[in-house]
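Please keep the structure open beside you as you read.

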Amino acid sequence: MNERKRVFLLIATMITTCLIIAGTTITILYKTGIKEERARLMETAQSQARLIESIARFDGIYSKDYPGGAKSATLRQIIDAHDQDTGVGKTEFTLSKKEGENIVFLFRHRHDDHSMPEPVSFESNLAEPMRRALSGQSGSVIGRDYNGQTVLAAYESLKELNLGIVAKIDMSDVRAPFVRASLIVVFFTVLVVSIGAGFFIRMTTPMIRQLEERTLELEKMNNEMEERVERRTAEIKKVNEQLRVEIKERERAEKAVRESEKRYVLAVAGSTDGIWDWEILSNTVFYSDRFKEILGYTSEEFPGTIDAFRCRLHPEDADAVWAAVEHHLRERVPYNVEYRLQTKWGEYRWFHARGQAIWDSKGNATRMSGSLQDITDLKLAEESLRESEEKYKLLIKALPAVVYKGYKDWSVEFIDEKIRSLTGHNPDKFNSGSSKWSDIIVEEDLESVKDSFIEALKTEKVYTREYRIRENSGAIKWIQDRGHIVCNDRGKVEYISGVFFDITDRKIQEEEFRKTRKLLQSVFDGISDPLVLMDERLKVRIINHAAIRYYQIEKLEDISGICCYEALLGKSAPCEECQVPAAVASRKSGSFERIGVMNSNKLEQVSIYNFDEKDQTFGGALMRIHDITESRLMERKVIHNEKLASLGLTISCITHEIANPISAIIFNAPILKDYINAMISIVDDYAKDLQDFELFQMPYPQFRKDAFKITANILHASKRIHTTVSDLRKLYGNKKQQQNRWIDLKQLIKRIIALAGVEIGEYVKFFEINIPENLPKIHTDPVSVEQILTNLLINAAHAVDKEDSRVKLDVTRGDTWKDHFIIELSDNGCGMDQETMSKIFNPFFTTKTPGQGTGLGLYVCQDLVKDLGGRIEVQSEPGNGSVFRVILPDIERRAARRL
């Protein structure tokens, strides 16, 4: 390469260096700018998030009445503020929520067309910052936004609103100033270096010419020197040939020595044992690196002296080790010992050492070498094995069972000594093979024992079986045998191991328990009332025949050990208002009355008898069900007749005392109204001429209006009193005897609608009736059903208070005889709260305005439904209407033929 090329290469190097420096500077500035921008965005996002959460907390206190709630109020404020903000700079905010599996954005575009961004799937690779914010994270990231653009974004989670907020800026906006700076720097770098290179070339051209001339002179002198060197080299070659022959001879000798040393080094390095070599005359020792490593030392830490070894010997082993060394050196017996050495960490480990000495012609030992092997793990394993064997022997001895190991052909390899005390048999006759285990099994049980073994082979290779064996004395003993079958890789049985227990006493107790249970069952079955014996968890243990008939149970084995509500009634949870669980849990005997579970027309007394109350040892409870329907009906009739007599007397008094005054008022009030109408025209003519005419300190127009109002009130009040007295007579008077007959419910409802339809039409805009075709007839009292449905329809019509008032009547069939027909009346009226619902069946309670009702309608309906054997259910919610269900039973399902 000539000098000119070197100059151009130097110029290119300068340009490249300047560009590298400039590029590095811009890169550092770019990363610094990214870091500052990231910090600014995080601070902005966090401040916005805290501000929004503060607004949310404020709205949670002061904006509860806002449509949609406080959260809706907060979102509305934030979105309005964002829409009004035209924005400064390139930063954009996005607020989003998660709906299902999508990210839904609540802010519009800010730097684009101001449209609402489309939802993005939560699992897509778009909107990475927002996905992290909605996952409850906070921080910053460089990733793709909902448009697929690469952005620098800070994200925060709004836990108060379950939203996420992101402040972002496009990476293209971040890079733009650095790209412009890079272009400017490159331009000026090339320009400045080019100008400098021009000046440099003009200044160095004369110098280059001089250098070229001197180079030619040097080349000439170099050629002359090379000729001299060649002559001298030929002379040296001759001398080298002679030296080469001598060197080859020496190399062969050195190679043999090196090979020997290599073999020794490889042998020492490749061995897992530590190597030691003791020069006895100089009392120095060579310890291999492995020897030092075993003890935890480095090459420099362990000195090469015999004392370094001696001081680390365990005090209990030192004398024995040196005795073995001296015995070997003196008697030349093999040196093979085990001892403990202390490691660098202070612990003692076990080692196995071997050694061999070298003796001179006079029989004096001059050198001794050997190896050292760490056998601590082996010693620990041997100790653990000894301990395991001891524990195994103690376990077998302590087990209240006999341990055995045998084979498929009933032969026994080992059986525990305890078999002697258990059965009287000598274990040696089994262990020696003179007897097999099948020899002592009772013949009747041998086949079942074989079957259990075959079944275990097909499953998990384990079995638990109970059978009888004969003792040495001939007596029979029950045992429980638990074993494990061990097979080889081919599935063949290798041996069987297991244990067996003496369960003779348990079998005797079980037999006694069966006899006692049978006796108890006989006693239970002799009682006419249903009896159910259950444990503390309400699981059925014993049930008598009366209870089986009562609960209509087909298979007794299906209910044993099952909770009473599931076993007897087929339910998954205790019955509502059932007092049995509480009585059993309290561990106290008692009784209560209830409506019949299997027949709602029955009244039952349930008595709970808990066991062992005195010492609080709880073993279960006995439930007795006694039918008290007849006795309670007689009591109710007596009380009812007494009430009717008292109320009849009261009503007679009221009627006697009120009838005449009310009749006079009702008769005279219209006459008074006619008199006033006749007289008012005269007063009207008189008042025309007197502008300030007053009566009873009232202007005449007000007096005239008040007079007519008072007259109307008198008429209205008298009618209300008359209606109330009539309702009292209906309520407490002698009820007519129900006349049940087979009726067509659909025709009855049509007749009711025809009678009440006019009044319903005044209040209800949409009236819907759904009655299925081919509805079967029902055996009931049509007059009572008509009165019930009429009252409920009128109440529903009065309750609707919306422009799209709606009342619906549905008739469906239930799944059981108790729910044979379900008549449902629903409306979209004002509805009721829980407190009102608890009072609607009370007499004289009404939610209507004064003068609109007496509060006896629902009371009478409930009374009539109960007489029919049914019930009324109510559901209601303020503002969303009410649902009344009249549920009528099919009591005659067995007694009468279906029509």
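**Notes on the fold**

1. Let's begin with the whole chain. Among contacts (heavy atoms within 4.5 Å) with a separation of 6 or more, 53% are between residues 24 or more positions apart. The protein chain has 21 helices and 30 strands; these are DSSP runs, helices being H or I with at least four residues and strands E with at least two, numbered from the N terminus.

2. A word on the source: this is a predicted model, where local features need pLDDT of at least 70 and side-chain atom pairs count only at pLDDT 80 or more, while totals for chains, interfaces and linings use all residues. Residues are numbered from 1 along each chain as its sequence is written, and side-chain values use heavy atoms, with hydrogens and water left out.

3. Of the 899 residues in the protein chain, 34% are buried. Buried means under 20% relative accessible area, exposed over 50%, and partly exposed in between (1.4 Å probe, protein chains only).

4. Have a look at helix α11, residues 443-458, whose buried residues are D445, V449, F453 and A456. Viewed down the axis of α11, these fall within an arc of 85°, so they line one face of the helix; the arc is that of the directions from the helix axis to the C-beta atoms. E444, E447 and K458 are exposed on the face turned away from the buried side of α11. The cover over the buried residues of α11 includes β14 (462-470), β15 (476-487) and β16 (493-502).

5. Next comes an open sheet of 5 strands, in the order β8-β7-β11-β10-β9, with antiparallel pairing. Strands count as paired if DSSP finds at least two bridges between them. β8 (284-287) and β9 (335-342) are the edge strands, each pairing on one side only. Inside this sheet, β10 (residues 348-359) and β11 (residues 365-374) run antiparallel and are joined by 9 bridges. R354 stands opposite S371 in β11.

6. Which residues touch the most other members of the largest nonpolar core? They are L745, I749, I788, V811, V886 and L888, in a core of 40 residues. Such a core is a set of buried Ala, Val, Leu, Ile, Met, Phe, Trp, Tyr and Cys residues joined through side-chain atoms within 4.5 Å. α19 gives the most to this core, with 8 residues. Leaving out residues up to four places away in sequence, I788 touches C861, L864, V865, L868 and V886. Another core, of 30 residues, lies apart from the largest one and includes V285, F302, F309 and V321.
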